Protein chains: 4
Amino acid sequence: MLVNETKIRVRYGETDQMGFAYYGIYAQYFEVARVEALRKIGHSYKEMEEKGVMLPVLEFNVNYKAPAYYDDEITIVTKITEWPLSFKISFYHETYNASGKLLNTGKVTLISVDKQSSKPCRLPEWFTSALAPFFNE
Amino acid sequence: MLVNETKIRVRYGETDQMGFAYYGIYAQYFEVARVEALRKIGHSYKEMEEKGVMLPVLEFNVNYKAPAYYDDEITIVTKITEWPLSFKISFYHETYNASGKLLNTGKVTLISVDKQSSKPCRLPEWFTSALAPFFNE
Amino acid sequence: MLVNETKIRVRYGETDQMGFAYYGIYAQYFEVARVEALRKIGHSYKEMEEKGVMLPVLEFNVNYKAPAYYDDEITIVTKITEWPLSFKISFYHETYNASGKLLNTGKVTLISVDKQSSKPCRLPEWFTSALAPFFNE
Amino acid sequence: MLVNETKIRVRYGETDQMGFAYYGIYAQYFEVARVEALRKIGHSYKEMEEKGVMLPVLEFNVNYKAPAYYDDEITIVTKITEWPLSFKISFYHETYNASGKLLNTGKVTLISVDKQSSKPCRLPEWFTSALAPFFNE
């Protein structure tokens with residue numbers, strides 16, 4: 001299992017008139033958390049696109065329990081728990097505020113797509129190889 | 001059942017470098033679609049907050065099938081299918097492009113919260129009354 | 001002179017915790033207003049990019065006088081006042097709320113860039129021709 | 001003079017179909033840079049609002065020279081150069097990419113507003129006192 005933590009501070013422009021971090025901003029927050037989780041295994045998502053593989057989102061789910069507020073530094077715990085991977089990869093997210101309160105949980109499933117053909121393709125071998133050690137523990 | 005259609009044109013700032021409408025923007029698109037669905041029954045969400053009831057999002061789910069592109073005029077079909085309502089209300093969304101292709105489906109569940117106490121409360125009677133005729137057909 | 005009016009309704013996700021439409025959102029609002037002004041002369045910005053010309057922003061200025069609020073339907077008056085055009089084009093914007101109050105003024109200057117070479121280029125002749133009648137009055 | 005540096009990584013959702021960080025996102029980037037500059041003098045903007053003073057934006061100007069790209073870590077240099085301050089405060093920003101290339105410059109002027117009365121007010125004494133040492137060098 002791969003586990004990574006990412007800290008993000010809520011921007012003013014991300015709040016809404018309820019005074020909450022707008023619920024839709026978690027799409028961006030989880031995206032940042034995913035990218036940092038991939039960086040941990042030695043690869044960047046930018047590199048993946050440059051090598052011809054895109055990972056558009058197939059499913060996006062969030063369950064909200066409590067809001068984050070302006071200037072809060074939140075922690076997003078990101079996990080990849082499922083193996084083997086082929087065309088899809090799922091990330092599980094938990095968002096906590098600075099007091100350790102669970103704010104929400106999310107699951108995001110991406111699909112591997114060949115940039116040239118725009119068709120689904122296997123996740124690249126260099127990527128699954130880099131991820132494998134986290135599942136051999 | 002309440003059904004409403006909302007048209008939205010994809011802004012340049014909403015695209016990403018894949019050339020797609022960013023997957024996270026559907027949180028805003030569905031929000032616009034919900035608000036227009038409520039306006040159809042003679043009430044605005046703005047009015048609801050002014051009368052002391054907030055509807056923060058409890059669950060947000062999207063299944064993506066195909067992307068929207070810059071300048072596309074998409075149609076979001078919004079449905080409220082479940083009755084009776086008490087503390088929660090769910091909206092079902094289907095997004096189509098101008099060719100009638102289904103781009104994604106979503107479900108968003110809101111919870112009714114009293115603005116003063118910040119506690120869950122029943123949906124206001126004036127609101128459920130306005131909605132009732134759509135379920136008596 | 002080309003003058004066009006565009007109406008935009010403030011989305012919930014565009015408000016901030018002051019209860020205002022976030023000041024940064026006017027970049028998107030003015031972009032929508034520009035695109036609608038171009039559509040008025042019979043061309044879309046999408047078409048321009050497809051024909052190999054991009055119009056990135058060179059200068060962006062806004063003077064804010066009063067805020068817009070959630071669910072407000074604002075009117076953006078967009079003008080192209082300067083002729084002849086070569087590499088650059090400036091748009092002047094005025095934003096009004098439903099009561100006719102001036103909320104802000106803006107000026108956005110774009111530069112014409114060849115998509116292949118990434119270098120500045122003259123505005124396409126088909127575009128300036130379509131715009132010319134508005135300056136012959 | 002107060003000078004501060006803030007690093008921000010460009011998110012995927014902040015790119016547009018040109019492959020650039022969308023020009024409008026600098027409103028948020030500069031906002032983050034301002035807030036971090038204030039934190040440097042021992043105060044947070046959050047605290048300022050809690051103490052009853054808001055700082056809405058009065059003027060916003062950006063001159064763009066080159067784009068930032070996805071996953072770039074950019075550095076925003078923020079300066080307060082003008083003293084004395086009374087009702088207004090201006091921030092000067094310069095954005096650099098990781099190679100040290102200047103991407104854009106900006107100036108943002110805020111106005112001090114009393115939260116209760118919604119009227120302009122002097123910047124709080126506790127705030128100007130904390131800022132004063134940077135102008136006595």
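The points below go through a predicted model, from the single chain to the sheet and the chain contacts.

1. Fold of chain A. Chain A holds 3 helices and 7 strands. Read from the N terminus, its elements follow the order β-α-α-β-β-β-β-β-β-α. Of the contacts between residues at least 6 apart in sequence, 69% join residues at least 24 apart.

2. Dimensions of chain A. The C-alpha trace of chain A spans about 45 × 35 × 20 Å along its principal axes. A compact globule of 137 residues would have a radius of gyration near 14 Å, and the 16 Å of chain A therefore agrees with that expectation. As for burial, 39% of the 137 residues of chain A count as buried.

3. Helix H1 of chain B. Just after H1(B), B:Gly42 has a positive phi of about 95°.

4. An open sheet of 10 strands runs in the order E1(C)-E4(C)-E5(C)-E6(C)-E3(C)-E3(D)-E6(D)-E5(D)-E4(D)-E1(D), and its pairing is antiparallel. Which strands lie at the edges? They are strand E1 (2–9) of chain C and strand E1 (2–9) of chain D, each of which pairs on one side only. On average, neighbouring strands of this sheet are turned by 15° against each other, with direction ignored.

5. Pairing within chain C. Strand E5 (residues 88–96) and strand E6 (residues 102–111) of chain C are joined by 9 bridges in the antiparallel sense. In this pairing, C:Glu94 stands opposite C:Thr105 in E6(C).

6. Helices on the sheet. Helix H1 (residues 26–40) of chain C packs on the sheet and touches E1, E3, strand E4 (73–80), E5 and E6 of chain C. The direction of this helix makes about 130° with that of E1(C). In chain D, H1(D) lies across E1, E3, strand E4 (73–80), strand E5 (88–96) and strand E6 (102–111), and runs at about 130° to E1(D).

7. Where chains C and D join. Strand E3 (residues 57–64) of chain C and E3(D) run antiparallel and are joined by 5 bridges.

8. Contacts of chain D with chain C. Here 16 residues of chain D are in contact with 16 residues of chain C. On the chain D side, helix H1 (26–40) and strand E3 (57–64) each supply at least two residues. The largest share, 8 residues, comes from E3(D). By class, the side of chain D that touches chain C has 11 nonpolar, 4 polar and 1 charged residues.

9. Contacts of chain B with chain D. Between these chains, 9 residues of chain B are in contact with 9 residues of chain D. The chain B side divides into 3 nonpolar, 5 polar and 1 charged residues.

Key. Residues numbered from 1 in each chain as written. Chains lettered and ligands numbered in written order. Predicted model: local features only at pLDDT ≥ 70, side-chain atom pairs only at ≥ 80, totals over all residues. Contact = placed C-beta atoms within 7 Å. Nonpolar A, V, L, I, M, F, W, Y, C, P; charged D, E, K, R; others polar. Helix = DSSP H or I, 4+ residues; strand = E, 2+ residues; numbered from the N terminus. Rg over C-alpha atoms; globule rule 2.2 N^0.38 Å. Buried ≥ 20, exposed ≤ 12 C-beta atoms within 10 Å, placed from the backbone. Pairing = 2+ DSSP bridges. Axes fitted to C-alpha atoms, helices over the stretch in contact; angles between N-to-C directions.
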